Amino acid sequence: MASKALIPFLVAMMLLTGVCNTLLTKYQDNQCVRDCDTAHPKLFEQPVLQTAQMFIGESGCWIVVGLMTLYRKYFGSQTPGENGYRPVNTNDGTENEEAEGAENSAAATKGAGYGVLSGFRVLLLALPAICDICGTTLMNVGLLMVAASIYQMTRGALVLFVGLFSVTFLRRRLHAFQWVSLVGVVLGVAIVGLAGAIQPDRKAAPASIAAGEPTAEDPALPDAARVIIGVLLIAGAQIFTATQFVLEEWILERSSIEPIAVVGWEGLFGLVVTLIGMLVLHLAIGRTDSGRYGMFDMVEGFRQMTEYKAVLVSSFMIMISIGGFNFFGLSVTRSVSATSRSTIDTCRTLFIWIVSLGLGWETFKWLQVLGFALLVYFTFLFNGIVNPPFKFLEVDESEIEELLPEEPIEHN
């Protein structure tokens, strides 16, 4: 638990690294990597390679785990297992002490092991990692087609699938106002997508191209269709992300493992599976005539990354920002509360929007403002941050069950 003086710093760093994740990835997508002096330059389009660099960033969390282990060994004496997953309890007094004592006892019974993750069962973490691969890759493809702010707003559809999956698989109960919230979130995402389709933004032109020359676009696919497909890909990717959240919560509730160690394991497993997948896709598609220079051409992808300084530098920066986002995000959740992340994520989306507008990557759309406002309101309503608009939808605070783990795993 961080001191109160550190909380503003942790929040600021979580916001900074979270904003950088999206903006740096979009910056990468805008880099010309072939035929830059022609009327139809080829931009960097390697979503699978971007997924791999995300997992490298997550694997970097092992550095933090190692430092934490050294600190506990030489500067603190902890009960085995008490630093494992433990929901943040915001109650005070005797009730808080009793709950904390029960949690410590439960953790202590697991000993120094990881509960369901003991021994080779740590391979169970490959399951959420595979969900992360599918979700992140689909979102990276979607980001190629839409503006950064629309990408970030569309990710708000996660609330819908987390709610549905929590009811289906975790046997949670949704109240009437939460069902209304899910409908509102869908409406908000639809309006954001409609705004992008009505007023689509072309990719930012690489600096090496003279002003006024067109960027690489698929002439067979209209701009509006690109946006709609991109929004559907990003929204659909939230199914995998929601599945990942549900799996992670089930594992964390039954283990004494640190959430940041879970990120490290998932990063390691995800990287291995992604590299194997890249090799298979390269052999099956990438090296063929139709697949050459495409997103499954692994040789071309690595060539683009190593030969173009902007792509290479941004890759390292993305890895660092993702590792930082995981660390600062978990620190904020522990120091403040899980529900506070809704407000922070809203600020993150707003900053991405402002910076993207300032860089000229997209244009201002009033309809997008409406969609964003609906997303924010109904997400806050779902999490119990704002009260339901009608009396008959109100319930007692104690009856509202948290649908996400109190200490959620941060990713990107």
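Helices, as I use the word, are DSSP runs of H or I with at least four residues, strands are runs of E with at least two, and both are numbered from the N terminus. This is a predicted model, where local features need pLDDT of at least 70, side-chain atom pairs count only at pLDDT 80 or more, and totals for chains, interfaces and linings use all residues. Residues are numbered from 1 along each chain as its sequence is written, and side-chain values use heavy atoms, with hydrogens and water left out.

Overall figures, then. The chain has 14 helices and two strands. It is 412 residues long, and 51% of them count as buried. Buried means under 20% relative accessible area, exposed means over 50%, and partly exposed lies in between, with a 1.4 Å probe and protein chains only. On contacts, meaning heavy atoms within 4.5 Å: among those in the chain with a separation of 6 or more, 82% are between residues 24 or more positions apart.

Now the strands. The loop between strand E1 (32-34) and strand E2 (42-43) contains Asp35. Asp35 is not a glycine, yet its phi is positive, near 55°. For background, most residues other than glycine have a negative phi. Asp35 counts as partly exposed because its relative accessibility is 42%.

The cysteines come next. A disulfide is called when two cysteine sulfur atoms lie within 2.5 Å, and the structure holds one. Which cysteines does the disulfide join? Cys32 and Cys36, with an S to S distance of 2.0 Å. The torsion about their S-S bond is about -115°, so this disulfide is left-handed. Cys32 and Cys36 are both buried.

Cys134 has a relative accessible area of 29%, so it is partly exposed. Cys347, at 30% relative accessibility, also counts as partly exposed.

On to helix packing. Helix H7 (residues 158-169) packs against helix H9 (residues 223-253) at an angle of about 45°, and the axes are 8 Å apart. Axes here are lines fitted to C-alpha atoms, for helices over the stretch in contact, and angles run from 0 to 180 degrees between N-to-C directions. H7 is therefore oblique to H9, given that under 35 degrees is roughly parallel, over 145 roughly antiparallel, 65 to 115 roughly perpendicular, and the rest oblique. From H7, the contact uses Leu158, Phe161, Val162, Phe165 and Phe169. From H9, the residues include Ala235, Gln238, Ile239 and Phe245. By class, the contact of H7 with H9 has ten nonpolar, three polar and no charged residues. The classes are Ala, Val, Leu, Ile, Met, Phe, Trp, Tyr, Cys and Pro as nonpolar, Asp, Glu, Lys and Arg as charged, and the others, Gly among them, as polar.

Two loop residues remain. Tyr293 sits between helix H10 (259-286) and helix H11 (298-307). Its phi is positive, about 70°, although Tyr293 is not a glycine. At 40% relative accessibility, Tyr293 counts as partly exposed.

Lys365 is in the loop between helix H13 (340-358) and helix H14 (366-382). Is Lys365 buried or exposed? Buried, because its relative accessibility is 2%. Leaving aside neighbours within four places in sequence, Lys365 is in contact with Ala195, Gly196, Gln199, Asp201 and Trp353. Gly196 is 169 residues from Lys365 along the chain, and their C-alpha atoms are separated by 8.1 Å.
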